[in-house]
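Please look through the model below.

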Amino acid sequence: MSRVRLLVMNAALGPLDYRVPDGMAVQHGSVVVAPLGPRQVTGIVWEEDRLPAQSVPEAKLRPLLAVLDVPPIRAELRRLIEWTADYYIASLASVARMVIASGGALRGPAMMTEYRLSGGLPERLTPQRQAALEALEGEQATIRELAGIAGVSEGLLRGLVNQGVLEPVEVDVDRPYPRASAGHAMVDLNTDQQRVAARLVEAVREAKFAPFLLDGVTGSGKTETYFEALAEALKANRQTLVLLPEIALTEAFLSRFESRFGAAPIVWHSSLKSTERRRAWRAIASGEAQVVVGARSALFLPYANLGLIVVDEAHEISFKQEDGVRYNARDVAVMRAHFEGLPVVLASATPALESLHMADSGIYEKLVLPSRYGGAELPVIKLINLIEEQPGRGAWIAAPLRTALEDRLAKGEQSLLFLNRRGYAPLTLCRNCGHRYQCPNCSAWLVEHRLSKRLACHHCGHETAPPEKCAECGEPDCLVACGPGVERIADEVAEILPEARVAVVTSDTLGSPEKAAEFVAMAEAKAIDVIVGTQLVTKGFHFPELTLVGVIDADLGLEGGDLRAAERTYQQVAQVAGRAGRGSKPGEVMIQTRHPEAPVIAALEAGDRDAFYEAETESRRHAGAPPFGRWAAIVVSAEDDREAREAANRIGDTRPHLDDVMILGPAPAPLALLRNRYRYRLLLNAKRTANLQAVIRDWLAKVQHPPGVRVGVDIDPYSFV
Ligand code: ADP
Ligand code: ZN
């Protein structure tokens with residue numbers, strides 16, 4: 001090739017053409033550095049006919065500067081980048097940036113210095129140094145990491161380096177990972193599991209596109225079963241990607257993976273350190289990485305040799321990215337498998353209605369695990385009608401649930417209370433004047449967090465100390481908490497069961513993998529009697545002694561008019577119920593509700609999943625909602641309210657009039673102010689036959705806005721705020 005077209009990693013620029021200097025070898029997919037004015041840009045060499053650009057005469061072309069020392073981005077992945085940008089109406093560059101997710105990795109091999117104890121002693125052994133030495137026994141890491149491990153300053157450790165107590169070790173940043181082995185610890189599968197595993201193993205061997213819905217009740221051994229397919233990919237020297245919804249889930253998963261395969265998988269998520277990130281990226285791109293377990297962003301990495309994709313807990317809404325490229329990793333995973341020609345497994349006990357519909361239409365192959373492993377029974381489910389069983393003022397736990405909690409504590413068994421609300425109370429007001437504490441940046445109430453002694457906004461992260469007197473009327477000590485959050489429920493448990501050991505589990509208390517591991521270890525060691533948690537505890541955990549699950553307010557998710565409210569309530573309650581009775585002791589689930597007659601609550605009580613899905617399918621069909629029709633949202637925002645409103649109106653005024661696309665709005669978004677930006681929404685509901693993306697693209701291309709206005713498009717939206 002003597003000239004090339006580049007997709008450059010800058011969304012503001014279109015494709016650019018360059019000359020290839022003599023002696024430089026490039027091919028489609030090569031990652032290169034090119035001059036741009038006085039600066040440099042990174043780009044990927046693309047097929048010219050797939051990336052139209054204004055043609056530049058040969059003589060005007062500037063030469064490429066370098067080809068980077070990474071494998072070229074493969075054609076299959078280039079097609080996925082194009083598809084994702086097209087489907088989600090995003091720029092190619094913003095999708096490609098998710099592929100080139102480590103700037104460091106592009107810079108080629110590198111060494112770094114780590115430190116470890118040399119065996120020598122410091123000149124003066126202060127208690128602090130003594131403690132540091134003990135903490136660092138057997139550790140090797142950078143000074144900064146060691147300081148974190150030992151809980152001392154970096155300065156103290158530098159002193160130890162100068163005295164020779166810590167010695168430097170040069171390590172290859174991209175040193176190889178421990179190898180996993182397919183046959184490390186085999187598991188005897190039961191008959192159902194064998195049937196499913198055999199089908200998945202066969203699909204890995206066939207190595208062609210095959211989407212599966214692995215539909216199995218909680219505790220049926222879905223993980224155990226897809227591990228067999230993963231083992232097959234390991235044997236064939238092909239890579240596996242396992243997508244998990246939450247970082248909290250990862251730690252339990254990792255240790256389980258390690259005991260099955262003898263080495264931990266490679267982990268990928270947004271809070272990796274840059275050295276870990278580049279090491280993982282290079283191993284993935286070279287093919288050395290065998291198994292990657294990651295959050296949704298792991299989906300776009302440049303796997304050299306992918307053989308299998310698993311999306312575990314595939315119904316989870318955290319697979320939907322809500323900023324930048326607003327993609328759904330579950331759906332893009334299927335597309336990646338399609339382009340690469342591989343099996344993809346969507347595993348869930350409560351599949352998304354869309355996924356079930358694909359299975360029922362024969363597009364996905366459905367594999368079913370109907371019962372829990374080892375004869376564990378599914379829990380008994382009881383409703384508590386809160387209208388008849390009122391918990392009393394300032395209390396949220398009704399009498400039958402109280403009694404059940406007391407009973408479990410007496411028997412030495414564990415209980416779990418579920419409420420999807422972080423903090424102490426969702427609303428704080430002044431007892432004297434009724435002033436409500438609101439976020440200055442968002443149209444949202446501030447949530448009181450007693451554990452951290454803050455009032456916090458759950459949308460933008462704004463925090464303040466609780467005021468000593470009312471901001472409005474000046475009355476001292478006047479704050480009243482309205483409604484419950486998990487912290488308040490934990491207080492109520494402490495009143496009912498003063499001797500119980502209670503753990504609050506939310507993203508506030510379980511924010512890191514270490515804390516998650518600590519919690520799991522304590523729960524397994526029976527050092528916790530009652531867990532009070534948000535949706536973070538609804539999945540993944542397996543505590544054999546946990547026999548009671550209480551749902552504090554099953555109606556909470558049904559309020560708010562969200563399109564998928566019923567489905568989400570069903571999934572959350574069914575998942576949290578699935579934590580009960582996973583060992584040999586039977587489980588019991590108590591659901592507190594004011595609407596026992598609501599179809600979703602009745603279906604939960606009856607344990608009749610099919611009835612729920614049928615009713616929900618009918619109502620979606622009626623509403624033209626997914627999977628029968630499609631939704632899209634256009635969100636217009638600006639720091640100035642008038643500017644935002646005018647931009648939204650301009651878009652509204654130029655709307656196309658079509659038979660197969662209904663356009664609603666613009667209207668102020670439910671969160672009308674978010675992070676200091678005023679927001680307006682338009683909602684589109686399209687028939688399946690409509691080319692929704694083309695309609696939106698053509699429409700928005702015609703409207704011009706001042707620079708402060710942002711227009712975001714959300715295809716297949718999950719969030720309706
Ligand atoms: P799911 O993913 O469907 O919730 P898991 O794979 O987590 O189910 O299995 C639930 C529990 O049962 C786990 O502790 C798992 O180790 C155990 N288990 C499942 N199948 C087997 C098996 N064939 N042999 C031994 N233990 C199993
Ligand atoms: Zn806020």
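Is Cys 442 buried or exposed? Cys 442 counts as buried, because its relative accessibility is 1% and the cut-off for buried is under 20%. The model is predicted.

For four tetrahedral donors, the ideal angle at a metal is 109.5 degrees.

Cys 442 and Cys 457 are 15 residues apart and link distant parts of the chain. Cys 442 sits in the loop between strand 17 (427-430) and strand 18 (447-449). Cys 457 sits in the loop between strand 19 (454-456) and strand 20 (463-464). Cys 457 is buried too, at a relative accessible area of 4%.

## Domain layout

The protein chain divides into six assigned parts. Domain 1 spans 3-100, domain 2 spans 111-172 and domain 3 spans 191-373. Domain 4 comes in two segments, 376-421 and 485-617. Domain 5 covers 424-483, and domain 6 covers 629-715.

## Domain 1 against domain 3

How far apart are the centres of domain 1 and domain 3? Taken over C-alpha atoms, the separation is 30 Å. The contact involves 18 residues from domain 1 and 20 residues from domain 3. About 1,700 Å² is buried between the two domains. Carbon and sulfur atoms give 72% of that area.

On the domain 1 side, Leu 80, Tyr 88 and Met 98 lose the most area to domain 3. Together they make up 35% of what that side buries. Two salt bridges are counted between domain 1 and domain 3. Elsewhere in the list of pairs, Arg 74 forms a salt bridge with Glu 340. Their closest N and O atoms are 3.2 Å apart.

## Salt bridges

How many salt bridges does a search of the whole structure find? The count is 51. One of them joins the side chains of Glu 58 and Arg 3, at 3.2 Å from N to O. Glu 58 lies in the loop between strand 4 (39-46) and strand 5 (66-67), and Arg 3 lies in strand 1 (residues 3-8), so this pair ties together parts 55 residues apart in sequence. Glu 58 is partly exposed, with a relative accessible area of 44%.

Glu 48 pairs with Arg 5. Here the closest N and O atoms are 4.0 Å apart. Glu 48 lies in the loop between strand 4 and strand 5, and Arg 5 in strand 1, so the pair ties together parts 43 residues apart in sequence. Glu 48 is partly exposed at 36% relative accessibility, whereas Arg 5 is buried at 7%.

Arg 697 forms a salt bridge with Asp 86, at 3.1 Å between the closest N and O atoms. Arg 697 is in helix 19 (residues 692-701) and Asp 86 in helix 1 (residues 75-87), so the pair ties together parts 611 residues apart in sequence. Both count as partly exposed: Arg 697 at 32% and Asp 86 at 41%. Salt bridges that share partners also join Arg 3, Arg 5, Asp 17, Glu 48 and Glu 58 into one network.

## Two single residues

Gln 128 is found in helix 3 (residues 127-136). Gln 128 is partly exposed, with a relative accessible area of 46%. Leaving out residues up to four places away in sequence, Gln 128 touches Val 152 and Leu 156. From Gln 128 to Asp 659 the C-alpha distance is 74 Å, and the two are 531 residues apart in sequence.

Which helix holds Ser 355? Ser 355 lies in helix 11 (residues 353-360). Ser 355 is buried, because its relative accessible area is 5%. With the sequence neighbours up to four places away left out, Ser 355 touches Leu 213, Arg 330, Leu 346 and Tyr 364.

Notes
Residues numbered from 1 in each chain as written. Chains lettered and ligands numbered in written order. Predicted model: local features only at pLDDT ≥ 70, side-chain atom pairs only at ≥ 80, totals over all residues. Heavy atoms only, no water. Helix = DSSP H or I, 4+ residues; strand = E, 2+ residues; numbered from the N terminus. Buried < 20%, exposed > 50% of the residue type's maximum accessible area, 1.4 Å probe, protein only. Domains from an automatic or database assignment. Contact = heavy atoms within 4.5 Å. Buried area = accessible area lost by both parts, 1.4 Å probe.
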